[in-house]
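Here are my notes for you, as numbered points. Keep the model open beside you and look up each residue as you read.

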Amino acid sequence: MIIDTHTHINTPYGGKILTAEDLLDDMKKANVNYALVFALEFSQLDGIITTEELIETLKPHRNLFPIGTVSPFSFTRERQQQIESLLKNDTLKGIKLYLGYEHFYPNDERLDSLYEMCSKFGKPIIYHTGFFWDPGKKGLIKYAQPLAVDDVATRFPNLKIVIAHMGNPWLTDCAVVAQKNENVYVDVSGYFVEFQPIQKEEIQHFIEDVKTFFKLTGSYRKLLFASDWPLYALKEYVDAAKLLPLSNEDKEWFFWKNAATIFNLPVE
């Protein structure tokens with residue numbers, strides 16, 4: 001089984017807007033069974049799809065699970081109550097926060113009530129970290145550095161956290177935060193050059209960076225398979241990930257068991 005823990009829809013690419021059906025088609029080609037799909041609500045990027053729109057779009061598709069989003073700049077009391085309801089009734093499987101794209105750090109106190117809710121209902125927080133797709137040059141990279149995640153993980157030890165993109169290029173910082181905190185996991189999405197075939201040299205760098213992660217954490221069990229589709233053909237990403245030096249047991253955890261457990265997914 002394979003679960004992709006990091007995908008997007010409503011994204012412009014190749015002259016069309018990519019839909020849930022396009023994602024499902026690519027999943028079939030790559031033998032990916034399930035995927036988490038992220039909402040995107042702020043104006044810095046094309047492809048806006050609100051949390052509520054994403055939920056409605058994915059309702060017909062039992063193997064696509066919605067991940068909502070929140071911004072500290074618009075997290076009013078009313079919005080807090082709306083998000084709480086969606087988390088409580090298991091409509092949302094987690095919340096994605098777009099560090100860097102939006103100008104806030106993960107330990108922004110305006111998000112404390114969100115972290116308390118997610119801890120209460122067992123829903124993960126996923127942080128964008130590292131490089132980002134920012135054609136408008138409006139993002140600020142300092143906010144996407146993963147070290148501040150340690151503050152959140154320490155203050156909210158029951159909050160499940162996923163650091164997206166391995167913190168690339170801050171892989172070492174990302175690994176240290178994951179090693180220190182039992183509640184922190186890491187996804188491998190968005191590693192390669194976007195919108196291009198993945199090159200052999202890139203795959204070798206990928207393997208070496210994951211080995212570095214292992215040296216710092218002592219385990220591959222903190223890693224989640226993720227692609228950041230549609231930035232890449234899903235089959236290419238799966239094929240590259242299968243070359244990682246994991247044991248058969250670790251591959252099970254990497255490709256689906258961690259995701260199923262952390263996000264409490266009804267997989268078969």
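**Notes on the model**

1. Let's start with Asp228, which is buried, with a relative accessible area of 9%. (Buried means under 20% relative accessible area, exposed means over 50%, and partly exposed is in between, using a 1.4 Å probe and protein chains only.) Asp228 is not a glycine, yet its phi is positive, at about 75 degrees. You'll find Asp228 in the loop between S10 and H8. Helices here are DSSP runs of H or I with at least four residues, strands are runs of E with at least two, and both are numbered from the N terminus.

2. Some housekeeping before we go on. This is a predicted model, where local features need pLDDT of at least 70 and side-chain atom pairs count only at pLDDT 80 or more, while totals for chains, interfaces and linings use all residues. Residues are numbered from 1 along each chain as its sequence is written, and side-chain values use heavy atoms, with hydrogens and water left out.

3. Which residue has a phi near 60 degrees, a positive value in a residue other than glycine? That is Asn31, in the loop between helix H1 (20–30) and strand S4 (34–38). Asn31 is exposed, with a relative accessible area of 59%. For background, most residues other than glycine have a negative phi, and most peptide bonds are trans.

4. Now for the cis peptide bonds. One joins Asn168 and Pro169, with omega about 15 degrees. Pro169 sits in the loop between strand S8 (161–163) and helix H6 (171–180). The bond from Trp229 to Pro230 is cis as well, with omega near 15 degrees. Pro230 is in the loop between strand S10 (223–224) and helix H8 (234–241).

5. Next, look at helix H3 (residues 77–88) and helix H4 (residues 112–121): their axes come within 10 Å and cross at roughly 15 degrees. (Axes are lines fitted to C-alpha atoms, for helices over the stretch in contact, and angles run from 0 to 180 degrees between N-to-C directions.) That makes H3 roughly parallel to H4. Angles under 35 degrees count as roughly parallel, over 145 as roughly antiparallel, 65 to 115 as roughly perpendicular and the rest as oblique.

6. What do the two helices use to touch? From H3 come Gln80, Ile83, Glu84, Leu87 and Lys88, and from H4 come Ser113, Leu114, Met117, Cys118, Lys120 and Phe121. Contact means heavy atoms within 4.5 Å. The residues of this contact of H3 with H4 split into six nonpolar, two polar and three charged. Ala, Val, Leu, Ile, Met, Phe, Trp, Tyr, Cys and Pro count as nonpolar, Asp, Glu, Lys and Arg as charged, and the others, Gly among them, as polar.

7. Leu171, Thr172, Ala175, Ala178 and Gln179 in H6 meet Asp209, Thr212, Phe213, Leu216 and Thr217 in H7. The residues of the contact of H6 with H7 divide into five nonpolar, four polar and one charged.

8. How many salt bridges are there? The count comes to 15, taking a salt bridge as a side-chain nitrogen of Lys or Arg within 4 Å of a carboxyl oxygen of Asp or Glu. Glu41, Glu52 and Arg79 are linked in a network of salt bridges. In another case, the side chains of Arg110 and Asp108 meet at 2.7 Å, N to O. Arg110 is partly exposed, at 41% relative accessible area, while Asp108 counts as buried, at 15%.

9. Arg155 is partly exposed, at 37% relative accessibility, and Asp112 is buried, at 17%.

10. Arg155 and Asp151 also meet in a salt bridge (3.4 Å, N to O). Being four residues apart in helix H5, Arg155 and Asp151 are separated by about one helical turn. Asp151 is partly exposed, with a relative accessible area of 31%.
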